Amino acid sequence: MDSSLFPTSAEYFRILPEMILTVVATLIMFLEAILKDWQKRVFAPIALAGLTAALVAAIAANGSQGTAFHDMLVIDGFATFFRVLVIAVGMLAVFASTEYLKREAHPGGEFYALVLFCVTGQCVMATANELIMIFIGLEISSIASYILAGYLRDDARNNEAALKYFLLGSFATAFLLFGVAWIYGYTGSTNLMEIRRQLETPGGPSVLITGTAAALMFVGFAFKISAAPFQVWAPDVYQGAPAPVSGFLSVGPKAAAFAILLRTYLTAFAPISRQWVPVLWICALATMIVGNFAAIQQSNIKRLLAYSSIAHAGYVLVAVTANSEIGSAAAMFYLAAYAFTNFGAFAVVTHVARKGERYTKVEDFAGLAQKQPAMAAMLTIFLLSLIGVPLTGGFFGKFYIFKAALDSHLVWLTVLGLLNSAVAAYYYLRILVVMYMKDPEPSEALPPAGPALQIAVYGSAIATLVLGIFPSFVLDFASKAALK
Amino acid sequence: MDSILFIVFAGIAVLCGLNLVLQKHPISSALSLVGVMGSLAVLYLLLGGEFIAMAQLIVYAGAIMVLFVFVIMLLNAGTEPVSKRRLWVTYGGVPLMAAGIGIGAYVLQRSFPSTESVKLGAFQGGGAYEIGKKLFETYVLPFEITSVLILVAIIGAIVLASKEVN
């Protein structure tokens, strides 16, 4: 028998997180069919147990680095970093959604199963070493996201969000697949390392063809990270989707999409970086400008946070443009800080929006500081971190990104990026002003947040502060794991 | 012989493709798509991709097209209403498209010298045996993980189409 047919136990160990997540998600689907309604409370704890086990497995797998399954996957520090990040975001999403689903009278195991599958797809993306794996991981994550965005089937806003997301997302995926097909047709391989070897060969593939393929693939990636000019879907989807799902979509899939963008462009396409760096430069700047200037005009907080998340994708793109090891580390750190911060902000929005999400205007936050000072304080931490104030994760994230950009002599991009973050301060501070200075308008009473939602909010806040006060642990790991 | 077959079926594919866009009635468009899929299958066969050619016929020309026609019949879709075109679209569309295709063809022609072009019938290894061997050795992981993708799609269909909760 050919020994290469059977994977070794080490190879199974390296994909253990994905296996755990898939099994637990399938288990939830199975229980959904046999459990009675009153027993369905167990789904959230089961999902959390699965995510915790996957988190442990992902950390343990870091001890056995290497490729698996004929170089389809690679487990390195970079993969572990993103796997841990997306699993942690998945846990927060489960905490924030439990109460939301109860409040909207829409319980069900499918939601948790879809979150787990979505995280599985993101883990596959984080570890992918092949364009095929990138594509399949991206599709698993995307299809699960489309459904999560439209989970409350009877809500017209949910339907709109899901349909828009699905149509535009499929269109963008087609671009990605077309680029992959070009690369395969021209280099005869879909393995990232092999593509890099081919491109490095003198007299190898023509830059015109590979550059076009890289550009086509970039369209697909840019859509998933909501970079300008492929950002139009983000505000509609984040506004229409259930608030905890918007929080999840704005961080989890985005972090995983950045993981594959970084890996593809810093490994496979590294030899042609002279061609793609200018494209990224323009894209990063456009993304920051579009996001920040559109966010200023928003009155709906979900829409505002959606535009702000576009702007943050722009900052991370600055780090990618730096095209260096420091840039890669800075992007990783920023994505971690941004993930907890932005998810926390959406979790507070989930709470304030109340049943049916009727209170999502910025004005609806008036007097929150008097009514529920703890929640107001948490939202303050998140907003300050989004601005980039010291002692929060957002500060060090921005600091390292612009430092990396300066190290790569991107002076103008740095200056324009810093000006952009100054513009951004305006709309974040506006929320703070409404929250602390304005008297509450007489409206429906705001019931106190339940324990699960509180865990999501406080957990995100603690992570944001830890990354802001003790950044060295995460940053050291990111620097060691950064792609070269 | 090969090139005659290629020209005939490539021609059919392009004509059916054009017809697909130009037809007003969805059923006519769907039937043109069958023509495109079928002639593509012949092209795959000419290139030596036996397995792909069969899969193309069974999956695309067969299953997916039946589904298409079924949905069109079910929705009872009528003739497409003709929208009013802008002037520049009416007169500029065809020349611009021709220019675009011309530039694309020129660039491709220039970047691939004719010596590198495909030789019909030169490729071996597109049979079911070779594909199966690849699929279960090198590409076993993508093959397995695709099942998760399909599972997610099924769950999605159920979530979005199931009966009212209340």
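Trainee: What should I know before I start?

Mentor: The model is predicted: local features need pLDDT of at least 70, side-chain atom pairs count only at pLDDT 80 or more, and totals for chains, interfaces and linings use all residues. Residues are numbered from 1 along each chain as its sequence is written, while chains are lettered from A and ligands numbered from 1 in the order in which they are written.

Trainee: How many helices and strands are there in chain A?

Mentor: Helices (H or I, at least four residues) and strands (E, at least two) are DSSP runs, numbered from the N terminus. Chain A has 20 helices and two strands.

Trainee: What about chain B?

Mentor: Chain B has six helices and zero strands. Its radius of gyration is 21 Å, well over the 15 Å from the globule rule for 166 residues, so chain B is more spread out than a compact globule. The C-alpha trace of chain B spans about 65 × 55 × 25 Å along its principal axes.

Trainee: Where does Leu135(B) fall, and why?

Mentor: Leu135(B) counts as partly exposed because it has 13 C-beta neighbours inside 10 Å. It sits in helix H5 (residues 128-136) of chain B. Its C-alpha atom is 33 Å from that of Met1(B), 134 residues away along the chain.

Trainee: How many residues of chain A and chain B are in contact?

Mentor: A contact means two residues whose C-beta atoms, placed from the backbone, lie within 7 Å. Here 29 residues of chain A touch 17 residues of chain B. On the chain A side, H2 (16-34), H5 (109-127), H6 (131-149) and H9 (207-224) each supply at least two residues. H6(A) gives the most, with eight residues.

Trainee: How does that side divide by class?

Mentor: Ala, Val, Leu, Ile, Met, Phe, Trp, Tyr, Cys and Pro count as nonpolar, Asp, Glu, Lys and Arg as charged, and the others, Gly among them, as polar. The chain A side has 19 nonpolar, seven polar and three charged residues.

Trainee: How do the axes of H4(A) and H14(A) cross?

Mentor: Axes are lines fitted to C-alpha atoms, for helices over the stretch in contact, with angles from 0 to 180 degrees between N-to-C directions. The axes of H4 (residues 77-103) and H14 (residues 325-353) of chain A come within 11 Å and cross at roughly 0°. That makes H4(A) roughly parallel to H14(A); roughly parallel covers angles under 35 degrees. The contact includes Phe81(A) and Leu85(A) of H4(A), and Met332(A) and Leu335(A) of H14(A). Its residues divide into 12 nonpolar, one polar and no charged.

Methods:
A residue is buried if 20 or more other C-beta atoms lie within 10 Å of its own, exposed if 12 or fewer, and partly exposed in between; C-beta atoms are placed from the backbone. Angles under 35 degrees count as roughly parallel, over 145 as roughly antiparallel, 65 to 115 as roughly perpendicular and the rest as oblique. The radius of gyration is taken over C-alpha atoms; the globule rule is 2.2 Å times the number of residues to the power 0.38.
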